[in-house]
Amino acid sequence: MKKLFLGLLASVTLFTVSGCGSANAKAQNEIDVWLTPQWKGTFSADEKGADYDSFLKTAANMYEKEHPDVKINVQVVPGDERDSKMSVATQTNTLPDVFFDSTFVLSTFAHQGLLEPFNEVIDSKNEGDISEAIWNNVQIDDKTYFYPFAQNPGTLAYNADMFKAAGLEECISGKHDIATWTTDEFYKILTKLKEANNKVAPLGFFCKNNQGDTWNMMYLRMFGNQFFDENGELNVNEKSGVEALSFLKKLNEEQLMASGPESLVSNDVNAMFQNQQVAVSFTNAMLFNGMLGAMKDGTVENFDARLANVPGKKMPVSFTYVLGSGVFNTNGEKRKDLAQDFVKFYSENKELVEASINFLPIRNSVADAHKADLPYLAAYLDNDKYVVNFSNNSPGYAEIRNALYPELQAVMTGDKTPKAALDNFVNTGNKVIDRGLRRSKALE
């Protein structure tokens, strides 16, 4: 009986080990792909059954047909759950293999050494099809941590009908162009708008929370400040940054912006612009196209909406959200290689990259093919020369964002001077950055 028991135990042990070995082998041919909601459908929201996971599921099906032994799981993560879900996944070693999102929100993982660079994956032909401004947004110390897929440029939007009523015809750009104003011209524009109609707020500004704060960071660059110095630390409390915040404070004091900006969020201001309660507001390509669509179907009353850059004393300021993929290196070498190969597949496949027009294409080849279909495309691409890397791919960027808006609120309520507010922001933010830079694996 003892021999029989030991024999059975040995058989069970052998079966268990063999079973685990098979499971691990299978896991190396199976990857998890997460994304936050971007667009519905593979190419269009009009498709039957269109949903936020459609594009990546289509890409997965195409890839699996070419690689029958591979399994790709696609999961949508709500944007407001991303940070908490990723935090838990990091702590429990359950990170996905691929994350498809706006790249700036994932740069901290690169500094933590959890993302695998794409330098050996992307060839010169594909690199040359995408502008330098886009590559600058996805690189840290010359290492490319995200394969860019599309972009969503951020600009201002303005009501050209209100400009005409205020006698500001010379400040209006072409219908599909992006206007460029100096800060002096901007002040003149807002002043004349108020004189022409004091029932409409000339400018929509908001700082209740960190949503939409990229535009606020652009405003703080209006007088030439770079926001970050060459060492990656914040320097927005220098003279040019203080001058920009003082300018915003002046606009508030002279009632040239919507009242109570400290209590307004970006959604409030966007609604005010669409309801023609604000003459100049913020927008991005997706938001602007959505508004034009709402005008077309009658959801929003029609008016002449046009685009402008954030003004600059010498030159305008612009930015873009780059949508792309990062690959985690935490699930084994084979899964990492498989994940990078899958990302390369859908980021270069001639058919699939057409889906980038749901945002705005980053590839010159796609842009050339769609210039007739996308009337604002030429202006956005020409605007690349003004685009800055707004986050600098800094470690702890989420913490930096959370440190800014309370300081803006304090200035708008008169509780702090612009200098004191920016000094406090820089002091708090640089502690986060210094800690992150010291620990950064990406900069080793």
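Colleague: Which residues does Trp181 touch, not counting residues up to four places away in sequence?

Modeller: Keep in mind that this is a predicted model. Contacts mean heavy atoms within 4.5 Å. Leaving out residues up to four places away in sequence, Trp181 touches Tyr158, Phe163, Cys171, Phe186, Ile189, Ala308, Pro311 and Gly312.

Colleague: Which residues touch the most other members of the largest nonpolar core?

Modeller: That core has 68 residues, and Trp181 is among those touching the most other members, along with Tyr158, Phe163, Leu193, Leu248, Val280 and Phe425. Helix α16, residues 397-412, supplies the largest share of this core, with seven residues. There is also a second, separate core of 55 residues, including Leu95, Phe149, Leu352 and Phe359.

Colleague: Is Ser281 buried or exposed?

Modeller: Buried means under 20% relative accessible area. Ser281 has 0%, so this serine counts as buried. Ser281 sits in strand β9, residues 278-284, and touches Leu156, Ala157, Val269 and Phe273, again without counting residues up to four places away in sequence.

Colleague: Where is Asn392 found?

Modeller: In the loop between α15 (377-382) and α16. Asn392 also has a positive phi, near 60 degrees, and its relative accessibility of 32% makes it partly exposed.

Technical notes. Residues numbered from 1 in each chain as written. Predicted model: local features only at pLDDT ≥ 70, side-chain atom pairs only at ≥ 80, totals over all residues. Heavy atoms only, no water. Helix = DSSP H or I, 4+ residues; strand = E, 2+ residues; numbered from the N terminus. Buried < 20%, exposed > 50% of the residue type's maximum accessible area, 1.4 Å probe, protein only. Core = buried A, V, L, I, M, F, W, Y, C linked by side-chain atoms within 4.5 Å.
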